[in-house]
Structure formats: structure tokens, C-alpha cells
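Here's a quick walk through one protein model, taken a few features at a time. Keep the viewer open and follow along.

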Amino acid sequence: MKESQSWRRLEEHSREMAGRHMRDLFAADPHRFERFSLKVGDIFLDYSKNRITQETLDLLFALLRESEVEQWRERMFRGEKINFTERRAVLHTALRQQTDEPVYVDGHDVIPDIRAVLDRMEDFCNRVRSGEWTGYTGMRITDVVNLGIGGSDLGPKTVTEALKPYAHESIRTHFVSNIDATHIAETLKLLDPATTLFIVASKSFTTEETMTNANTARRWFLEHGGAEADISRHFVAVSTNTEAVRAFGIDTGNMFEFWDWVGGRYSVWSAIGLPVALSVGMDRFRAFLRGGWEMDRHFRTASPEHNMPMILAMIGIWYNNFCGAETHAVMPYDQYLRYLPMHLQQVDMESNGKRITRDGTQVEWHTGPVIWGEAGANGQHSFYQLLHQGTHLISADFILPMQSHNPIGNHHDRLVANCIAQTEALVLGRTADEVRKDMLASGCGEDEIAALLPHKVFPGNFPTNSLLIDKLTPESLGALIALYEHKVFVQGIVWRVNSFDQWGVELGKHLTGRIEAEIARGEPVTSHGQSTNGLINYYLGHRRS
């Protein structure tokens, strides 16, 4: 890829752009904001505060076309097995499709199967939310606990929290993922077993962390008044392992299916979204799906130059591969979106954290960046100092709803002001002349100015995208998450990696099983390297004492 004409031209262009400041780019183009902004549905994107010109974009889109992104996009939507290492289709888009157009996997139309699961979810959610479904004492369910990990936790947790303004007034939702006993212990302290419903979310029903927590929850339930016969009133499953679900004590009529063509980090659109539907209702969960589908339609039909996921993807490639940036920050200025950076970490880093190309050779370019972030304005009092005056180039997305669900006083106006001010400060910075002028105006003497001036200079020229949402609703949230999913897809195609497997997590799982067995035996070990042997034996010594 690095030998391609478009790649080489981008390398040349990056050298030409190296000394240019965005102050000058804005000064040279009075219509830059209008030209480098786009609205899709309820999402407005301003990408004018980037170290780009029209030539930059033209070259990036040439690389996109040379990488055959549009052809790969159609292969995904058609259900071809583009996850070739696992021989699977990639069809999270089918989960949110709003039309009856067939989508085939191995000659079978999966749309009726998806609709059937959604209908079963709706019936179940209606019974729980209305109080028709009760616990073993006849009391209605007041708490729902999702037991999952990875995509079975981060996706539904992010969406449930984001849609909290729409939540059922008498159902609280909890998420337990960590195998650390503290996570489930502290959650169970808050609950009454007679009014608690557990969702065990594991496709195989063998995921170690999830099943460890599920068995702990089961014991807790039985030790606090429940009986074996009551398990089916308080536990349901999102899984495909009917035998294991039945052995646990769950009625398989309350087992909600999803399929191997649904990757874990893309599974919130499936029955893994059951805690979302229980919290906000199935009508709003369907609206969430509809928002994702609207972004799918845009992604599938808009030209690259007017395609929001493609624009964000190629700007990200510009920084990652041609400008030396290695991290990308996501800053949602909305407390309800505080888990979004965590969810996008998994979507992006588990997808494109790869070093082997689709043809099995090692890449010669950087692939996925480190994704991180924090809800604004908290981050301003934490890591923004590094953004403004640090030595790293970090690109960032600022996400801001125009309307607040809690319009108290002038809180939202101040939040908006903080968000927009940060993007302005990052792009403009503050020159030595500006600092000197301000200090003179405040009465500082020359000695003080000489001493403090270097510390008050901000270089600026730090890139940001601003994503403004009319209001955080199920539809706009669905569109926002789908936007990032498609951005990651485009980047993976350009980098020539398989964005839909995750072999990198398997080695840790394998070694965990081996070490766990050795710890269970309790005897000193010598079978590993000296550091690993030392750590295991140190733990065993403390456990014995």
C-alpha cells in the first residue's frame, strides 16, 4: 500500500502541510466552515478545525477509492463472509434494517429471524415493565442486573445510561462485568432477590467472567429465599447454548438468540440490547435501531465527499499515518454519554488493533490509534493541559447535544460555552504577542512578563471534530454509534486488516486457564518463566498465610 501513488502523494502533501497553521487556513478561506461541515439527520459535523485543505481531502478520497472501500462496503451489507478468518458474515447492519429486503447468509434470509427475536423481546419487556411478570413472591421486578463482559456489557451499558431520561420510573438497571468479586458483591448489596431479574448474556454460556458472576448470583438468590424452582422467574439468558441454559435452571423459552454473524462489540443492536429495552421500552429500542439504520442508509448511498463516516475515517487516517498522531480522544459534553468513550475503545481498538494484513503479511504502517476520553467538562480539569501544551499530537472529537434533558438555570449554556471554547483554544492557541499584550493590559512589569510569557504561550493547531446533536434521543444515539462503527470499518479496509476478528484476546484466555489450574492445586510452580513462576508462588504463599 505504501508504494501506491495515492499513499506517496499523501506523504509528500504531509511534508508540504507541516508548517501550516490552521489560523492561516481559516484566514485564507472565509467559507471554510461552510465547506467543511455536514449534517446527517440530527447530527451536525464541523470538521473545519483540522489540518487539512481541499487537496488533503481529495488525496484521502483517492486513497479510499484505491482501497476499494465502496466495494467492501457492499460485500458487508450483502452478507458476504468478510470476516474470513472466522468464516463469518458481518451483519450487525441487518439487525437494525427497517425494510423487508432479504439479507442472505448461506442462502438463508436472516431478516425474519431477527424480527422474530425482536417480537419475543417486546413481549417479554412488556410483561416485565407492566408488572405482569413477577418474582417468586408475586412482587413486581424493580431491578435488572445484566451479567456480561466486553460487548455484552459495554454496548448495553453505554446505551442504557445514555437513554436514562427515557427509563422506566420503577426499574433500575445494573451492569456487572468484572470477575473481581467486588463488582458483583457491591451490586448485590443493593438488591432484594424477590424483585431482581438477572440477564446472563453469553453467546456460548461458557464465558468465564460472565458465568462466574452468574453462578455467584444464582447462589446468592438461593441463599436469600429463592428456591431452585424459582430460578426461571429471576434469570433469563441471551445465548445460543440451549443445553447449558437449561442446566442452569433458566426456562429456554426465556432464552433470546443472536447469531455468529453478530460480533460482540456490535451486538447491542441484537438481543444483547435486552437491558436497554427493559429500561426504556421496546418502542424506544426500536427507535434506537431506526437511528442506526438511517446512518446505514447514508453510509451506503452518499458519495465519499459527502459521507460522514468516510470523512471522519479518512481524516483519522491522515493523522494516524501521515501526521504522527497515535491517539484519538473522544469527549462527550453530556453526562449521559460518559460511557461512550469506553464503548468506542472496544469498537475501535478491538477491531483495528491489528498488525497482520488480510493477505497474512505484517503491516508496514500504523493501524488503529489508542482511543480514550472523558465526559466534559471534567476532562478540562484533568488531561486537557496535555492537549493544549503537551508534546503529543492528539486529534479529538467533541460531542455536544444542543438541548439538555435537564434544563436547570444556565447549566447547559455554560456547558456549551466550555465545549466550543476548548475547540477554539486548541485550534488558535495563544501567541507570544497576544500573551504580552494581555499581561501589559493587566499591569504586569517587564520582568514579570519575561519570566511568565513562555509558560503562557499555547501553540494551537491541534485538530478537532465537533459533532453537534440536536438532542440525545434513541434515534440520534443510534445514528451516532453507527457512525463510529462505519468509521472503524472504513479505516480497517484502508489499512487492509480484518476488523471483525479478535485473536489477540485468545492467548490471555489460554494462559489464564493454565495458571488458574496451577493455583487451584496450590503447589509451587516451575513451569513458566522465572517472573511468572515468582508471581504465582508469591500469591500462593500469601494465600496459605
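## Two crossing helices

Let's start with a helix pair: α4 (residues 54–66) packs against α15 (residues 308–322) at an angle of about 100°, and their axes are 10 Å apart. That angle falls in the 65 to 115 degree range, so α4 is roughly perpendicular to α15. Bear in mind throughout that this is a predicted model.

Which residues meet where these helices pack? From α4 come Thr56, Leu57, Leu60, Phe61, Leu63 and Leu64. On the α15 side they meet Met310, Ile311, Met314, Ile315, Ile317 and Trp318.

## The six-stranded sheet

Next up is an open sheet built from six strands, running β1-β2-β13-β12-β10-β11, with mixed pairing. Its edges are β1 (37–40) and β11 (370–373), each of which pairs on one side only. On average, and ignoring direction, neighbouring strands here are turned by 20° against each other.

Take β12 (residues 394–403) and β13 (residues 464–471): seven bridges join them, and the sense is parallel. To find your place along this pair, look for glutamine 403, which stands opposite lysine 471 in β13. Helix α21 (residues 474–495) packs on the sheet, where α21 touches β2 (43–46), β10 (327–332), β12 and β13. The direction of α21 makes about 155° with that of β13.

## Aromatic pairs

There are 24 aromatic pairs in the structure. One of them joins phenylalanine 77 and phenylalanine 299, with ring centres 6.4 Å apart and planes at 40°, so this pair counts as tilted. The two residues come from distant parts of the chain: phenylalanine 77 sits in helix α5 (residues 69–77) and phenylalanine 299 in helix α14 (residues 282–301), 222 residues apart. Are they buried or exposed? Phenylalanine 77 has a relative accessible area of 11%, so it is buried, and phenylalanine 299 is buried too, at 0%.

Now for tyrosine 384 and phenylalanine 398, whose ring centres are 6.3 Å apart; their planes stand at 85°, so the pair is edge-to-face. Tyrosine 384 belongs to helix α17 (residues 384–389) and phenylalanine 398 to strand β12, so the contact ties together parts 14 residues apart in sequence. Tyrosine 384 is buried, with a relative accessible area of 2%, and phenylalanine 398 counts as buried at 0%.

Elsewhere, ring pairs link up into a cluster made of Tyr136, Phe198, Phe205, Trp220, Phe221, Phe235 and Phe248.

## Charges over rings

Back to phenylalanine 299 for a moment: the charged end of arginine 73 sits over this ring, 5.8 Å from its centre. A second example involves arginine 96, with its charged end placed over the ring of tryptophan 269, 4.3 Å from the centre.

## A buried serine in a loop

Last stop: where does serine 177 lie? You'll find serine 177 in the loop between β6 (172–176) and α9 (181–188). With a relative accessible area of 13%, serine 177 is under the 20% cut-off, so it counts as buried.

And what does serine 177 touch? Leaving aside residues up to four places away in sequence, the contacts of serine 177 are Gly148, Ile149, Asp153, His183, Glu209 and Asn213.

Note on methods: Residues numbered from 1 in each chain as written. Predicted model: local features only at pLDDT ≥ 70, side-chain atom pairs only at ≥ 80, totals over all residues. Heavy atoms only, no water. Pairing = 2+ DSSP bridges. Helix = DSSP H or I, 4+ residues; strand = E, 2+ residues; numbered from the N terminus. Axes fitted to C-alpha atoms, helices over the stretch in contact; angles between N-to-C directions. Contact = heavy atoms within 4.5 Å. Phe/Tyr/Trp six-rings, centres within 6.5 Å; stacked < 30°, edge-to-face > 60°. Buried < 20%, exposed > 50% of the residue type's maximum accessible area, 1.4 Å probe, protein only. Lys NZ or Arg CZ within 6 Å of the ring centre and 35° of its normal. Parallel < 35°, antiparallel > 145°, perpendicular 65-115°, else oblique.
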